[in-house]
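User: I would like to learn how to read a few local features in a protein model. Could you take me through them one at a time?

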Amino acid sequence: MEQPLFTRVHSRELSLWQSSVAEGIRNQLTAENKPAAMQHVLRHPMSIAAAAHVSKLHADPDFVPNIPSKDDGSHEALVYKSHLAFQVGEAMAANNTALAEELTITYRKFSDKDWSVGPPPTGFLSCATTYAKYAILSGHHMTYNDWTVQGNNNIDYGVIQWNLPNDAKVGILGDWGTGLPDAVALLRDMMVQHKPDAIIHLGDIYYSGTPDECHTYFADVFTQVFDEVLGQGNRIPVFSIPGNHDYYAWGAEYYNVVTNLNNYPGGETAMQPASYFCLRTQDGGWQFLGMDTGYNDSNPADQLNAIYAGPWLQNTEIDWLQDKMERFDGASIVLSHHQVFSSNTALNGKYSVLNTVPYFNPYIYRVFSEYMPSKVAGWIWGHEHNFVMYQNNLLALAKGRLVGNSAYEELTSIDPYKVNYPQIPYLVGEPAYDQYKLGTNADSNGITYYNHGYAILDFGGRATPTSPVQASYYQFPAWGDVVPPNPVSTLLFSESFALPQPPPDTGKKIVSQQSLFLINQDGMTVQKAYHGSFNYNYPVLQPITPVNTNAVPLIVTINSNGGGDFLQDGNLINFHSEEGGLGLTNFITAGKLPWLYYDLWQNPGYAIQQWKVHKKNPGGDVFVRVGDPVYLESVAYPGQYLKPVYAKKWGLIYLSTATGMDFFWKFGTAL
């Protein structure tokens, strides 16, 4: 028999099959009055066989197990039965009764017991019924609560009415919904050691977020631990954004659970109606903004799709999130399930439009980029089952932290700390990185796991509403079949989250002939030119990271200003690169080619070298200042604006023009 491990595959159907098998095993064990916790389910022969079956089928879609003899109870025979019953479930879900009956007859040739001890039948055939039930009930329709629809156009739909106490402690869990013993013990440890006032989960209830899993591995565990630690019936508010696994069963039960997590006497004002939320302190100094990145990563096959990039957010959710940033004067902590960047994992497929930046997700970054210099104190995410502290101020983000290690058993053999993308460096300096790298723990079979962990944010002791808050990160032993004696959390690292300080010179008026960096809403700036076709040099972009050191400033010249020496809204400008190798052929020019190129300066009336400046937020101030977001309209091609082109064929990011005033730039004196 193979070693039981928590196995996941990037397939909605196969993940849903694992969910159905786990539910069937749990029902069978319960009927037999046997322990039915997650660790017992994982050790059941059916679970081990299903894990082997889905792993092999996922790796090879043409995989067919060896046909066993009748009543063969071996592991190999169970793999075959899992495969056959899965096909029965698919036929039932497709309402193909004839095929389902034919496959069932075939199944019965190899077992008339079906691992059953009496009616109702359990075993793999009952799992097929469960699989079909979930597929049919969903109607293959994704659930999503939109503030413009379910919220009746109330822009404050999703803002939690309940506020965090000014001295609150908030616990952060990531990828926690496994129901495994160490996950339960970790929650208990958090509650006993820190007494948080609220808990936030960064998503993922395994395998598929089915009703059974959402309750058994998630909601019921909170109830169990709260009853143990706080006393029967006592609770604290819990909030949860969805991960990709929460949507593998089309997300319906996630919404049912999340909207009822705080449905207890005294908790009604803490109800979370949507998959995104805004949670604020009583004094209005701090807010958590949680977003839904799971919806557009709901097909697990996308993670292996070479042309997939993302995920991204719903357009209405972007409007909602930016409204919360615009109308809030305090400090914000952004929360997502998926990474905004990663040093270890490719976020975008090899042949996707974002293959140039496999380590970075501009789709979710750009939602907050305008606010990062002054309002975003930090961004915490999960998805990778690890704990990582990335270099501060990377891509203008004050702090980026990965806390996805709260329950999933991450093998050390996976090497999650391997740096595949040096563009995204880990935090360096004092203390040395190894001082906050997770420790490990081994089971009786010599399999070694990285420890689990969680974060505690402490809002107490602030002198003013926007004073810094303390963030502390703890590790907790992970285990397979051997429980460590007296497992308890230990502190890895503590730091402050603070309202960020904008770059130097932010807010100063821009004058003609000033040397400035051109920075876009994706956190990218102009780099050294690319020498390409037609013997032209082309301006290209790269993200602002320590590895990309070829950023080049531009000289901005005002060609019309309506009086005065300072750049104003509506002025015409040109800009040329200070890159020495270009010589006099250094003015950014929009010709008939799809890409912008460098050319000689002609004259102030030469339209293809001129750009009209539009302030994104004009207000009552006509002046354009360092750090102001602006749209740059081509004078030669009215209605077309300066935008990047992610040219996957060449692996470069070019400049071009396209219709739509929807992509902003900033002029900065520093990166």
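Predicted model: local features only at pLDDT ≥ 70, side-chain atom pairs only at ≥ 80, totals over all residues.

User: Is Ser 634 buried or exposed?

Analyst: Buried means under 20% relative accessible area, exposed over 50%, and partly exposed in between, with a 1.4 Å probe and protein chains only. Ser 634 has 1% relative accessibility and therefore counts as buried. Ser 634 belongs to strand S25, residues 630-634 (strands, E, of at least two residues and helices, H or I, of at least four are DSSP runs, numbered from the N terminus).

User: Which backbone nitrogens lie 3.3 Å and 3.1 Å from a polar atom of the Ser 634 side chain?

Analyst: A polar contact is a pair of N or O atoms within 3.5 Å; within protein, one must be able to donate a hydrogen and the other to accept it, and residues adjacent in sequence count only if both atoms are side-chain atoms. For the side chain of Ser 634, the backbone nitrogen of Ala 636 lies at 3.3 Å, and that of Tyr 637 at 3.1 Å.

User: What does Ser 47 reach with its side chain?

Analyst: The side chain of Ser 47 comes to 3.4 Å from the backbone oxygen of Val 41. Ser 47 sits in helix H3, residues 45-59, and its relative accessible area of 11% makes it buried.

User: At what angle do H7 and H8 pack?

Analyst: Axes are lines fitted to C-alpha atoms, for helices over the stretch in contact, and angles run from 0 to 180 degrees between N-to-C directions. Helix H7 (residues 181-194) and helix H8 (residues 211-230) pack at about 40 degrees, with axes 10 Å apart. Angles under 35 degrees count as roughly parallel, over 145 as roughly antiparallel, 65 to 115 as roughly perpendicular and the rest as oblique, and H7 and H8 are therefore oblique to each other.

Definitions and conventions
Residues numbered from 1 in each chain as written. Heavy atoms only, no water.
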